[in-house]
Amino acid sequence: MIPNGQAKSKPSTHATANGNVGAVLENGHANGSSSNGKAKDEASKHQTLGHKSLLKSDALYQYLLETSVYPREPASLRGLRELTAKHPWNIMTTSPDEGQFLSLLVKIMNAKNTIEIGVFTGYSLLSTALALPEDGKIIAMDIDRSNYDLGFPFLQEAGVDHKIDFREGPALATLDELVQNDKNHGFFDFIFIDADKNNYLNYHERVMQLVKIGGIIGYDNTLWNGAVVASDDEPMRKYVRFYKDFVKELNKVLAADPRIEISHISISDGITLCRRIV
Ligand code: SAM
Ligand code: CA
């Protein structure tokens, strides 16, 4: 069983200097660990696959967070981030810079009705919920409710829990239910997909019916820890290897889909925005 549909086997984790989490690679070496001083440590982090940020260095990423993200991060999001950092699967959370990006995107679009597939403890959910108007709604789907419940007090603290309609279960079945109702066709302004990568192409055909023309679908983790350009013999975490080809196939299909315009953005682990045009 793949825990939460994300990893073939749960990687053991350790915190890095910037509060991100590294994971043990298949070869047993901890990502980002080195005994030969800080400089070499920094360099080695970026030579091994699996580092969360795709920026040139941890220092640059830290600069970005401390300059532009943390000072503006709402208290509820900070609290949720701190809680999630203690979770054994904290590597799954949306990074704060990406949360800020999603928030701005939702506001620029004047989005009101949205869907999120893959909630975990809710960092991207809360980022989006805070950005929606008072009468905005998010249908939030996850196969497992327990992590959503952990983060729920922060949705309440932020006063946005009334915007969330949480649906527990496999997202494909929930999407199929939505698609069966004609009223949902073209109803949604924004759909964020951050769950089991092997199903992204199945989600694509369904969410294309649900998003309005001019609306946006965001596929998360589309640079997949940099593994999309790795050769098969490079060391990488087991779950990274497991999903690598699914992500590559998705990227190929999205690039060739004439029904959408796309932008493949290298924030965090990569997000591909797709604007439905027909
Ligand atoms: N967006 C989240 C955040 O900001 O913390 C992170 C989501 S995490 C990367 C992926 C989530 O997808 C997990 O909570 C997992 O339970 C959920 N998931 C995996 N397979 C799923 C499926 N088939 N249907 C619905 N949810 C699924
Ligand atoms: Ca993600």
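1. Basis. In this predicted model, local features need pLDDT of at least 70 and side-chain atom pairs count only at pLDDT 80 or more, while totals for chains, interfaces and linings use all residues. Residues are numbered from 1 along each chain as its sequence is written, chains are lettered from A and ligands numbered from 1 in the order in which they are written, and side-chain values use heavy atoms, with hydrogens and water left out.

2. Calcium site. Asp194 (OD), Asp194 (OD), Asp220 (OD) and Asn221 (OD1) coordinate the calcium ion (ligand 2) at 2.2 to 2.8 Å. Donors are N, O and S atoms within 2.8 Å of the metal (3.2 Å for Na, K and Ca); water is not among the atoms, so sites may look incomplete. Along the chain, the donor spacing is D-x25-D-N. Asp194, in the loop between strand E6 (188-193) and helix H8 (200-210), and Asn221, in the loop between strand E7 (211-220) and helix H9 (238-256), are 27 residues apart. Helices (H or I, at least four residues) and strands (E, at least two) are DSSP runs, numbered from the N terminus. Asp194 and Asn221 are both buried. Buried means under 20% relative accessible area, exposed over 50%, and partly exposed in between (1.4 Å probe, protein chains only).

3. Ser76. This residue of helix H3 (residues 75-85) is buried, at 7% relative accessible area. Beyond residues up to four places away in sequence, Ser76 touches Leu126, Leu130, Phe154, Glu157 and Ala158 (contact: heavy atoms within 4.5 Å).

4. Surface patch. Leu60, Tyr63 and Leu64 make a nonpolar surface patch of about 280 Å². Patch residues have over 30% relative accessible area and no salt bridge; like charges are joined within 9 Å, nonpolar side chains (Val, Leu, Ile, Met, Phe, Trp, Tyr) within 5 Å. A salt bridge is a side-chain nitrogen of Lys or Arg within 4 Å of a carboxyl oxygen of Asp or Glu. Areas come from the Shrake-Rupley method with a 1.4 Å probe; for residues, only the protein chains shown count as cover. Leu60, in helix H2 (residues 58-69), is partly exposed at 38%.
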